Amino acid sequence: MGTYTSVRGVAFQDFPWLDPAFLAGDVDPQMREFLFGVDTGNTEYKQSSVEGFVSGPVFDMPAGEFGMAVGFHYRTDEINDVPGEQTLLGNSWGLSSAGITAGDQKTTAIFGEIDVPILADIPGFQYLGLTASARWTDVDTYGDDTTYKIGLDWQIIDSLRFRATQGTSFRTPALFELYLADQTSFIRQSNIDPCIQWQQELDAGNISQRVASNCAADTSAPDYPNGLPGDFTGGTVTATAITSGGLGLLEAETSTSNTIGFVWQPAFADLSLSIDYFDIQVDDQVDQLGAQQIAFRCYDSEFYPADPICNLFDRSGLNGGIDNVRDAFINVATQKAEGYDLA
């Protein structure tokens, strides 16, 4: 008694560890003050933008008015994420620590769109129109890109309409994905290491032979220079996952989408039926693999240990455990979705 913690400045307490009331949660307020503290951080986003455009008919065509729109967009985004003092200092036992995430991004865009009536009021073509738009975007943390969209609208007869579109888009990495300062979290070895008891896991069918063979061939742990044994029990301390931003490394997400469909509105019923096919592909998706996936994909790789993903963690922890896992934001995948919409 009479002494204070060096971090929070609260008085030390004697605890009745074996008292049933204490074990049931009946904790004296002074003891609770010693055990628990509050750490408050602050996250601030700022966005400023200006946009202008002009639109309207330009001239007449046989099938209708030719329409056009042009415009510009300018935007600045800023982030300033300051964790609480103790989180910054890494003084929260068993909890995440983080640094200050701060940065900004400037976006400039120029865009235009046209609406072209091609045919109208002739057999098979009550109306045929084309719309097209394009946008040039420059982001100072990434670079520039051009996207477009083309659409076709064909009213065949009163009850039947055909429509189709093709377009592209891109998304630059968000400020948090770019500027995130090193953020740490802690993971139990049993939740991350596929090499724990790998012989038993292999016999039970929980891991593949390739994972088992790669674990047996892992000589990176100082305590196991000849490879991890089949009864390897794992490290005795938690693994540390370090998350950070990917400024200078991340590419923008890009996508291409196609749709084609029909709309049927029969005159004999109060009905509108549409069916559309869609095909969407997203490339260079920005995400984190996750510490568990990093370790598993490394040991499941046919290129082990030369697979680059194996460079994202160390097996230098106590008793051969996995230590630092570098789980930064990266371009991880291509996703494709296709199907039909019926309404």
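How many strands does the open sheet with antiparallel pairing have, and what is their order? This open sheet has 9 strands, in the order β1-β2-β4-β5-β6-β7-β10-β11-β13. Strands are DSSP runs of E with at least two residues, helices are DSSP runs of H or I with at least four residues, and both are numbered from the N terminus. Two strands pair if DSSP finds at least two bridges between them.

The model is predicted: local features need pLDDT of at least 70, side-chain atom pairs count only at pLDDT 80 or more, and totals for chains, interfaces and linings use all residues. Residues are numbered from 1 along each chain as its sequence is written, and side-chain values use heavy atoms, with hydrogens and water left out.

Then select β5 (residues 125-139) and β6 (residues 143-157), which pair in the antiparallel sense over 13 bridges. Here Asp138 stands opposite Asp144 in β6.

Move on to the open sheet of 4 strands, ordered β3-β8-β9-β12 with mixed pairing. At its edges stand β3 (97-98) and β12 (324-326), each with a single partner strand, so one side of each is left without a neighbour in the sheet. Strand β9 (residues 239-243) pairs with β12 in the parallel sense over 3 bridges, and Ile242 stands opposite Arg326 in β12.

Finally, select helix α8 (residues 291-299). Its residues Ala291, Ile294, Ala295, Cys298 and Tyr299 are buried, that is, under 20% relative accessible area (1.4 Å probe, protein chains only). The buried residues of α8 pack against β8 (183-187), α5 (189-192), α7 (209-216), β9 and β12, where contact means heavy atoms within 4.5 Å.

How values were computed. Buried means under 20% relative accessible area, exposed over 50%, partly exposed in between (1.4 Å probe, protein chains only).
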